[in-house]
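Let's take a friendly walk through this structure, from its strands to its ligand and a few individual residues. Have a look at the sequence and the model first.

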Amino acid sequence: MSVREEFDEWATSGRDKGMEERHWHTAKHALARMPVEPGDVVLDLGCGSGYAGRALRDTKDAGRIYGLDGSPEMARNAASYTEDGQVGYVVGDFGSLPFAENSIDHVWSMEAFYYAADPHETLEEIARLLRPGGTFYCAVNYYEENVHSHEWQDNIDVEMTRWDRDQYREAFRAVGLSVAEQDNIPDREIAIPSEAEFPLEDWDTREAMVERYREYGTLLTVGVAP
Ligand SMILES: C[S@@+](CC[C@H](N)C(=O)[O-])C[C@H]1O[C@@H](n2cnc3c(N)ncnc32)[C@H](O)[C@@H]1O
């Protein structure tokens, strides 16, 4: 199944908003760390409902925001959630980003980068369009150390790349991005029931659920363009 088919279906069934609600638990902490200054141009790769760009407009007075998504229905939904003329959503693919060299101040991506058909090619694209000193904030919940995420590939037909922390850093450096930071952001908002309530439908033990949300959470890797 193509990205378009898979995620158009998610968008029309309202899962864009469901993702926004869940991802916001950790995304908001990573977004708060972005060195976005008033007027900066920001690109959100795999924007889904587009909440991240809108938050950067509200909290940091970002200038132009572009949300790019491979699903036309996601982009359509995202556009319908705002009347801000400085926020635009475009349909495109991670393999070839429709932006000029040195045209973007910061790139953000939450739970999307690993869907790239060729993540190394996507990183080259990001390095090409970032201005000197620009940053790439890459946040993922699906990664090697997070063993609780490994089964996710079984539920989706789009091929996913499962890198570990080192592979993210090496791949960033290979395209010339310095790694300024790598961190696990815990999700403290998911309610974890008391020991007596386990096993749950999705979790055999409380220990595993604590590890997934409070310890592993979201892996954030930050690259900086030279
Ligand atoms: C799991 S959703 C995350 C959406 C949003 N960033 C969030 O935090 O809720 C992944 C998004 O990436 C988009 N996507 C996946 N692969 C893509 C690709 N190769 N090119 C462009 N967009 C892609 C999907 O259409 C989907 O909207």
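Two strands count as paired if DSSP finds at least two bridges between them. Strands (E, at least two residues) and helices (H or I, at least four) are DSSP runs, numbered from the N terminus. This is a predicted model, in which local features need pLDDT of at least 70 and side-chain atom pairs count only at pLDDT 80 or more, while totals for chains, interfaces and linings use all residues. Residues are numbered from 1 along each chain as its sequence is written, and side-chain values use heavy atoms, with hydrogens and water left out.

**Strand E1 and its partners**

Let's begin with E1, which spans residues 42–45. Which residues stand opposite Val42 in the neighbouring strands? In strand E4 (residues 104–110), the bridge partner of Val42 is His106. In strand E2 (residues 65–69), Val42 faces Ile65. Both pairings are parallel: E1 and E2 are joined by 4 bridges, and E1 and E4 by 3 bridges.

E1 is also covered on both faces, with Val42 and Asp44 buried on one side and Leu43 and Leu45 buried on the other. Buried here means under 20% relative accessible area, exposed means over 50%, and partly exposed is in between (1.4 Å probe, protein chains only). From E1 the chain passes through helix H3 (residues 51–60) to reach E2, in a right-handed β-α-β crossover. Right-handed means that, with the strands pointing away from the viewer, the path from the first strand over the helix to the second runs clockwise.

Ile65, the E2 residue across from Val42, is buried at 2% relative accessibility. Its C-alpha lies 8.3 Å from that of Tyr89, although Ile65 and Tyr89 are 24 residues apart in sequence.

**Around the ligand**

How many residues surround the ligand? There are 20, and the closest are His23, Gly46, Tyr51, Asp69 and Met110; a residue counts as near if one of its heavy atoms lies within 4 Å of the ligand. The table lists polar contacts, that is, pairs of N or O atoms within 3.5 Å; within protein, one atom must be able to donate a hydrogen and the other to accept it, and residues adjacent in sequence count only if both atoms are side-chain atoms.

| Residue | Polar atom of the residue | Ligand atom | Distance |
|---|---|---|---|
| Asp69 | side chain | oxygen | 2.5 Å |
| Gly70 | backbone | nitrogen | 2.9 Å |
| Asp93 | side chain | nitrogen | 3.1 Å |

Taken alone, the ligand exposes 600 Å², and the protein buries 98% of that. Accessible areas come from the Shrake-Rupley method with a 1.4 Å probe; for residues, only the protein chains shown count as cover.

**Backbone details in the loops**

Asp61, in the loop between H3 and E2, has a phi of about 55° and is partly exposed, with a relative accessible area of 45%. Asn102 sits in the loop between strand E3 (87–91) and E4; its phi is near 55°, and Asn102 is partly exposed at 38%.

Further along, Phe198 and Pro199 are joined by a cis peptide bond with omega about 0°. Pro199 belongs to the loop between strand E6 (178–185) and helix H7 (206–216).

**Two more residues to look at**

Is Ser149 buried or exposed? Ser149, in the loop between strand E5 (130–140) and helix H6 (165–174), is buried with a relative accessible area of 0%. A polar atom of the Ser149 side chain lies 3.5 Å from the backbone oxygen of Tyr143.

Pro226, by contrast, is exposed at 76% and lies in the segment after strand E7 (218–224).
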